[in-house]
Every structure is written in structure tokens, then in C-alpha cells.
Amino acid sequence: AAGDDVRPPQLRHTIEKIGVVGTGTMASGIVQVFAQAGYDVVFVGRSPEKVDGVVAGITRSLDKAIAKGRSDEETKAAVLGRLTGTTSRENLADADLVVEGIAEDLDIKTELFKDLDRITKAGAILATTTSSMPITELAKVTSRPGDVIGMHFFNPAPVMKLVEVVTTDLTSPEVDETVRALSAAVKKVPVSCGDRSGFIVNALLFPYLNDAVKLHEAGVAMDEIDATIKETAGFPMGPFELLDVVGNDVSLAIQSELRNEFGEPGFDPAALLIQKVQEGKLGRKTGEGFHTY
Ligand code: 3HC
């Protein structure tokens with residue numbers, strides 16, 4: 001409306017060094033996003049092998065970009081040179097902002113936020129890329145709830161433009177503005193969301209994905225569903241292809257959280273989705289999910 005402040009968000013904090021906790025698909029993609037945008041990134045894994053895996057994955061991605069003529073060796077060396085992998089969270093002490101991308105489990109994240117609160121310097125922003133956990137609960141276990149925020153990236157993070165910036169009732173306006181400005185600075189498009197289960201995208205996307213599995217259980221072929229959605233609805237991937245990208249374990253966790261939060265019986269996770277997780281068929285990351293890779 002007339003008179004609205006249309007000034008783009010500004011970095012209200014100095015952000016030079018970024019920490020990332022986790023070595024899975026999302027964390028690894030987020031490390032890559034920040035390093036490619038010129039930030040020094042310290043990332044924490046549970047083992048040296050997992051730490052090495054992140055560097056190997058980013059190296060592969062950069063090599064692919066070089067092979068396609070979209071990057072060069074100099075850029076690759078610069079990006080890799082900004083990465084510091086570690087198995088000790090204590091190395092996050094001087095980070096200006098930490099993004100957490102570990103398991104979608106409230107107990108595990110709660111323990112991490114208590115630890116980050118102890119380790120990181122005063123004024124450091126503590127962000128989570130959770131897709132369905134209540135961020136307010138994480139904020140409350142810290143001594144700095146105003147500095148806790150959601151920064152929800154999408155998979156694959158280096159490609160997907162959207163970042164849902166999730167503020168709780170406790171998040172300070174300066175932290176919100178800084179994270180929106182930072183998202184834009186790393187060439188993403190921030191969208192502001194409240195702390196409601198699934199935010200915007202997942203609240204709509206996962207019931208659809210779950211329903212696709214139920215439709216398949218009712219006898220419709222997976223390939224037919226995938227092809228129909230791609231060819232007629234204009235989605236880049238069909239639901240089974242996308243479930244395999246996101247990971248069936250992650251999808252089940254999100255759908256279960258939506259079911260608990262909204263109490264909607266129609267949101268019950270599909271039996272076949274549960275079965276895939278039990279069988280360890282998690283998607284591309286394990287070589288098999290709904291499709292085989
Ligand atoms: N890392 C880095 N770059 C990647 C990549 C990755 N993991 N995957 C693909 N790319 C790059 C490719 O190198 C290519 O780059 P180029 O244009 O410079 O050559 C570009 O992305 C396009 O890739 P491809 O040509 O291989 O394949 P597509 O054109 O089919 O695109 C896709 C792949 C971008 C994954 C596309 O299929 C897509 O958008 N799929 C839908 C993804 C989606 O909906 N994600 C959201 C999931 S929900 C979520 O994440 C929520 C969370 O809470 C779980």
C-alpha cells in the first residue's frame with residue numbers, strides 16, 4: 001500500500017563467518033550455497049568420514065559445473081578454500097550465524113540448540129533449516145530466543161531459489177531482517193513465514209506426496225502418476241521422483257509432524273512410505289526408494 005516501506009532488507013549484523021551443523025543432503029547443499037557466495041564456512045560432522053563426504057560432494061558438483069562450461073578451476077579452488085570441516089562444535093565459537101541441518105528429531109535438535117547457545121559468541125544468530133519442528137521450542141531452550149530463526153532451504157539447496165524465513169513470536173526484527181538480507185545476498189528468494197507446522201511449502205507439498213503414495217497403494221502405477229504430474233501439471237518431477245530426492249525418512253518425519261500438529265486423519269502417513277523407511281529404501285541417497293538409481 002502507499003507509504004509502505006519498500007526498502008530491501010539490510011544486513012543488520014556483520015556476517016562473515018558462517019557455521020553449518022550436519023553433513024546430510026540439506027546441510028551439504030547449504031554449505032555449498034554459502035561458500036559459493038563467498039562466505040567462509042565452518043561445518044560440523046559426527047565423523048571425519050562424514051566431513052570428507054561433504055567436501056567430496058561439493059567437489060563433484062563443482063566438477064559437473066566445470067564440465068558444463070559454467071564454472072572454472074579457479075572458482076572451484078576458491079569455493080573449496082572457504083570450507084573448514086570439523087568434528088567439534090567448539091569450532092563454531094566465532095561464527096556470526098550458524099545454520100543447523102541435522103536429523104528432524106526435536107530431542108536431538110534441542111540438545112544441539114543448548115550446546116550452540118553455550119558455544120557461540122553473544123549476538124550470533126542461531127538458525128535451523130527444520131522443515132516441520134516447532135522453532136519456538138528450540139528458541140526457548142536458549143538464553144537468546146530473539147536470535148533464533150528458521151532458514152528453510154529446499155532440496156537441492158544449490159539449485160532451489162526459495163528460502164522460507166521463519167520467525168517466532170520471540171525472534172527479533174533485526175535478526176529477521178538480517179536473515180532475509182543474507183538470503184538475498186546468497187542469491188535466494190526469501191519468503192517470510194510464521195512458525196506453523198510445515199510453514200507454507202511443506203504444509204501443501206507433503207500431503208500431496210503422501211496422497212500420491214496412497215493412490216499408488218490403491219492400484220495406480222507409479223510411472224503413470226509421475227508422468228501425469230510432469231506432463232500435465234508442469235511440475236519438474238513427479239511425486240515418486242521427488243520423494244526419492246527429498247528422502248523417504250525425511251518425508252515420513254514431515255508428514256508425521258503435520259498429522260500430529262493438525263490432527264487430520266487424512267494426513268496419516270501412507271503404509272508404503274513407512275515400509276520404504278523400514279526397509280532402508282530412503283531414495284537416491286541409498287540407491288533405492290520408490291525408484292532404483
Ligand atoms: N547440486 C547442485 N546442482 C544441481 C543439483 C545438486 N544436487 N541437482 C541439479 N543441479 C543442477 C544441475 O547441475 C543443472 O545445472 P546447470 O543448469 O548449470 O547445468 C541444473 O541444476 C538442472 O539440473 P538437471 O539438468 O540435471 O536436471 P533438471 O533440469 O531436471 O533439474 C531439479 C533438476 C532442479 C532437481 C528439478 O528436477 C527440480 O526442480 N525438481 C523439484 C525439486 C523440488 O521440488 N524440491 C523441493 C523439495 S521439498 C523440500 O526440499 C523441503 C524440505 O523440507 C525437505
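Colleague: Which residues is Phe267 in contact with, leaving aside its neighbours within four places in sequence?

Modeller: In this predicted model, Phe267 is in contact with Pro207, Gln255, Leu258, Arg259 and Phe262. The word "contact" is used because the C-beta atoms of two such residues lie within 7 Å.

Colleague: Where is the place of Phe267?

Modeller: Phe267 sits in the loop between α10 (248–262) and α11 (271–278).

Colleague: Why does Phe267 count as partly exposed?

Modeller: A residue is buried if 20 or more other C-beta atoms lie within 10 Å of its own, and exposed if there are 12 or fewer. Phe267 has 18 C-beta neighbours inside 10 Å, so it counts as partly exposed.

Colleague: What makes β7 a largely enclosed strand?

Modeller: The cut-off for a buried residue is again 20 or more other C-beta atoms within 10 Å. Five of the six residues of strand β7 (residues 162–167) are buried, and therefore the strand is largely enclosed by the rest of the structure.

Colleague: Why is it said that strand β6 (residues 148–153) and β7 pair?

Modeller: Two strands pair if there are at least two bridges between them. Strand β6 and β7 have four bridges, in the antiparallel sense, so they pair. As an example, Met151 has Val165 in β7 as its bridge partner.

Colleague: In what sense do β7 and strand β8 (residues 189–194) pair, and over how many bridges?

Modeller: β7 and β8 pair in the parallel sense over six bridges. Here Glu164 has Val191 in β8 as its bridge partner.

Colleague: What do β7, helix α6 (residues 173–185) and β8 make?

Modeller: These three elements make a right-handed β-α-β unit. The unit is called right-handed because, with the strands pointing away from the viewer, the path from the first strand over the helix to the second runs clockwise.

Colleague: How is the protein divided into domains?

Modeller: There is a domain 1 (17–194) and a domain 2 (202–282). Five residues from domain 1 and nine residues from domain 2 take part in the contact. The C-alpha centres of domain 1 and domain 2 lie 26 Å apart.

Colleague: From which domains does the shell around the ligand draw its residues?

Modeller: The shell draws at least three residues from each of domain 1 (17–194) and domain 2 (202–282). Of the 18 residues around the ligand, Ser131, Asn155, Pro156, Pro158 and Pro236 come nearest.

Colleague: How do the residues of this shell divide by class?

Modeller: The shell around the ligand has 11 nonpolar, four polar and three charged residues.

Key
Residues numbered from 1 in each chain as written. Predicted model: local features only at pLDDT ≥ 70, side-chain atom pairs only at ≥ 80, totals over all residues. Helix = DSSP H or I, 4+ residues; strand = E, 2+ residues; numbered from the N terminus. Domains from an automatic or database assignment. Near = placed C-beta within 6 Å. Nonpolar A, V, L, I, M, F, W, Y, C, P; charged D, E, K, R; others polar.
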